[in-house]
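The sequence and the structure are shown first.

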Amino acid sequence: MILATEPQPASWQLPPAMSDTAGPVDSTYNFIFWFSVVFLVVITAAMMYFVVKYKRRKGVKSEPTGHFNRLEIFWTVTPTIFIAFLFHAGYSSYIRNATAAEGATEIRVRAKKWSWEFEYPSGDRAPGELTLEQGRSYKMILSSDDVLHSFFIPEFRLKRDAVPGQYSFIQFTPTVVGDAHVFCAEFCGTSHSGMLATVKVLPHKEYEEWAKTLGKCVGTPEECKPEKYGETLFVKNACSTCHGTRGDGLLGGSKSPGPKLAGIFNTMQPMATGPGVMADENYIRESILRPNAKIVAGYTTVQMPAFVMKDDQLDAIIAYLKTLK
Ligand code: CUA
């Protein structure tokens, strides 16, 4: 395995390749592509030649064509061999990518409408950002909290469905230091296109440094004030994909899937069932940890997934929500 510090440049068809899983996929893809180009040219040229050669001519009557067994066997057997070869190329790299390396680091990936959450072996959870060490083997254990999603990292050439009520797996070793991207590749509702995350591949030393900060606020004392840290968490947890930018309850000018958060603090909120509820600290805390305990009137169609957070993170988000007007 070759480790590199610079991402290999993207080709005219494919994004940069950043993991050990990318090579076999690229060579299979390139082989199929050029194989198809050659046959496209040969078949089209032959077709044009025959169109001209056998076009209707005055005084020539067409005769039915007979059988030519040797030719028919040739054009049946040859493509079968090619297809068997292509199947082998695709299947062997599929099997290779489906087998985790011994001692691979396991990371839990939870898909939810509409964000990705990564849980590291330490138990710390990081939303929206997957940090990996260059040259380390990983096994991702995927699941979904609600509907079908698909975990797709183009730079690793990996895509796997995240299915509710079931685990699925992908394994790889990032080989190149740099940034990659997570997309959701299964249409999962109104904010499907916003279901993104970043992947950071760090060299060993930087990774060790990063690991110390996992689950804590990273930044200047100013950036780690509760309301600022809360804003960072609000963005990273993709709260805005359901509650609108800065919790204004709007998405693209119309009502967002989740209720408005700005300006609700210490006001009565009407519930879908039962009496209204005072939007205080306890209410916000409960709504993050057990979102379906109390549902605001008019928002029963979309279920919010539950979030797991540490107390200081909850405090920070509450502090941030208080600042929204
Ligand atoms: Cu999740 Cu599309």
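At roughly what angle do the axes of helix 6 and helix 7 cross? In this predicted model, the axes of helix 6 (residues 281-289) and helix 7 (residues 311-323) cross at roughly 120° and come within 10 Å. Because angles of 65 to 115 degrees count as roughly perpendicular and those over 145 as roughly antiparallel, the two helices are oblique to each other. The crossing of helix 6 past helix 7 is right-handed. The residues that make this contact are listed below by helix.

| Helix | Residue range | Contact residues |
|---|---|---|
| Helix 6 | residues 281-289 | Glu281, Ile284, Arg285, Ile288, Leu289 |
| Helix 7 | residues 311-323 | Asp311, Leu314, Ile317, Ile318, Leu321, Lys322 |

By class, the residues of this contact comprise seven nonpolar and four charged, with no polar ones.

Within helix 6, the buried residues are Tyr283, Ile284, Glu286, Ser287 and Ile288. Their cover includes helix 7 as well as strand 14 (277-278).

Is serine 150 buried or exposed? Its relative accessibility is 1%, and since buried means under 20%, serine 150 counts as buried. A polar contact of 3.2 Å joins the side chain of serine 150 to the side chain of aspartate 161. Apart from neighbours within four places in sequence, serine 150 is in contact with Trp116, with Lys159, Arg160, Asp161 and Ala162, and with Phe183, Cys184, Ala185 and Glu186.

Key: Residues are numbered from 1 along each chain as its sequence is written. This is a predicted model: local features need pLDDT of at least 70, side-chain atom pairs count only at pLDDT 80 or more; totals for chains, interfaces and linings use all residues. Side-chain values use heavy atoms; hydrogens and water are left out. Axes are lines fitted to C-alpha atoms, for helices over the stretch in contact, and angles run from 0 to 180 degrees between N-to-C directions. Helices (H or I, at least four residues) and strands (E, at least two) are DSSP runs, numbered from the N terminus. Angles under 35 degrees count as roughly parallel, over 145 as roughly antiparallel, 65 to 115 as roughly perpendicular and the rest as oblique. A crossing is left-handed if the near helix is turned anticlockwise from the far one by less than a right angle, and right-handed if clockwise. Contact means heavy atoms within 4.5 Å. Ala, Val, Leu, Ile, Met, Phe, Trp, Tyr, Cys and Pro count as nonpolar, Asp, Glu, Lys and Arg as charged, and the others, Gly among them, as polar. Buried means under 20% relative accessible area, exposed over 50%, partly exposed in between (1.4 Å probe, protein chains only). A polar contact is a pair of N or O atoms within 3.5 Å; within protein, one must be able to donate a hydrogen and the other to accept it, and residues adjacent in sequence count only if both atoms are side-chain atoms.
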